[in-house]
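Please walk through the following protein model from its overall make-up to its individual contacts.

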Amino acid sequence: MYIAVDLLDGKGFNLATLILAGLALLMGTLAVYYGRKALFPAKRQLAYQLERSSPILDRSGLDPNNGVIEVRRNGVPLVDPHLAVVWVKNTGRHAIASEQFDQGRPLELDLQTPIVELLTVEAAGVRSLANACSVSGKSILFGPELIKRGQTITVTVLTEGSADLVVREHFIDVSLSNVGRIGVQGHFVRTVGGSALLSALAATAGLLVNILT
């Protein structure tokens with residue numbers, strides 16, 4: 001009897017409370033984690049970016065009276081030639097199969113300016129990814145083709161004018177995001193989540209201090 005009373009009084013009671021509070025915090029964290037996974041299952045994800053669109057010629061310091069420098073392609077002069085580099089990366093936890101391209105329609109990377117020539121396609125030595133890339137008018141077309149987790153396709157094209165990327169897609173269960181926005185959103189989520197966890201830990205610590213004193 002005296003042992004039971006001692007456990008429920010003084011230091012024994014405070015220690016039991018501390019242990020129960022720690023277990024409650026751990027169980028709450030696990031519940032939030034697994035609940036989020038159940039409510040928001042992982043999707044297949046693609047990130048994309050127009051890395052750069054750079055003019056081949058800088059005419060700002062040229063005197064037109066001293067002659068004109070021209071860039072020609074197959075004998076045809078280009079008025080405002082640019083090199084544009086675009087990349088797409090599978091950033092999700094799952095591969096994107098060719099079946100995810102709805103009705104076999106490709107991913108369209110519209111550069112909003114005429115594409116003169118497809119120069120290079122780099123896909124970490126995976127020939128099928130490079131062969132799945134083509135050009136039509138102002139757009140780079142990709143797929144349908146399997147994109148494994150972590151794979152990146154980088155495309156360099158010659159354009160007539162500066163590029164500005166607009167993406168059109170017909171995927172099934174695949175989310176697309178501009179890499180810049182991903183970085184901002186990811187930082188925001190991590191910051192808010194970290195702040196919430198720290199607040200919860202601080203509140204728990206304050207409660208335990210009050211109990212123990």
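Helices (H or I, at least four residues) and strands (E, at least two) are DSSP runs, numbered from the N terminus. On that basis the protein chain has four helices and 11 strands. This is a predicted model, in which local features need pLDDT of at least 70 and side-chain atom pairs count only at pLDDT 80 or more, while totals for chains, interfaces and linings use all residues. Residues are numbered from 1 along each chain as its sequence is written, and side-chain values use heavy atoms, with hydrogens and water left out.

Confidence is given as pLDDT, the predictor's confidence in each residue, from 0 to 100. Its mean over the protein chain is 78, and 66% of the residues reach 70 or more. Among the elements, S8 has the highest mean pLDDT (98) and helix H4 (residues 179-212) the lowest (49). Over residues 181-193 the pLDDT is below 50, and this stretch has three contacts in the model beyond near neighbours in sequence. A contact means heavy atoms within 4.5 Å. Among contacts between residues at least 6 apart in sequence, 83% join residues at least 24 apart.

Of the 213 residues in the protein chain, 23% are buried; buried means under 20% relative accessible area, exposed over 50%, and partly exposed in between (1.4 Å probe, protein chains only). A nonpolar core is a set of buried Ala, Val, Leu, Ile, Met, Phe, Trp, Tyr and Cys residues joined through side-chain atoms within 4.5 Å. The largest such core has 25 residues, of which Leu46, Leu111, Ile140 and Phe142 touch the most other members. Two or more residues each come from strand S1 (44-55), strand S4 (81-90), strand S5 (107-110), strand S8 (139-142) and strand S9 (152-160). Leaving aside neighbours within four places in sequence, the contacts of leucine 46 include Val88, Ile96, Leu107, Ile147 and Phe171.

Next come the charged pairs. A salt bridge is a side-chain nitrogen of Lys or Arg within 4 Å of a carboxyl oxygen of Asp or Glu, and the structure holds six of them. In one, arginine 168 and aspartate 110 meet at 2.8 Å, N to O. Arginine 168 lies in strand S10 and aspartate 110 in strand S5, so this pair ties together parts 58 residues apart in sequence. Aspartate 110 is buried, because its relative accessible area is 7%, whereas arginine 168, at 36%, counts as partly exposed. Salt bridges with shared partners join Glu108, Asp110 and Arg168 into one network. Elsewhere, glutamate 117 forms a salt bridge with arginine 73, with the closest N and O atoms 3.3 Å apart. Glutamate 117 is in strand S6 and arginine 73 in strand S2 (residues 71-73), 44 residues apart.

What remains is the backbone of the loops. Most residues other than glycine have a negative phi, and most peptide bonds are trans. Alanine 124, however, has a positive phi near 55°. This alanine 124 lies in the loop between strand S6 (115-122) and helix H3 (127-131), and is exposed, with a relative accessible area of 77%. Aspartate 173 also has a positive phi, about 60°, and sits in the loop between strand S10 (166-168) and strand S11 (174-178). A cis peptide bond, with omega about 5°, joins glycine 143 and proline 144; proline 144 belongs to the loop between S8 and S9.
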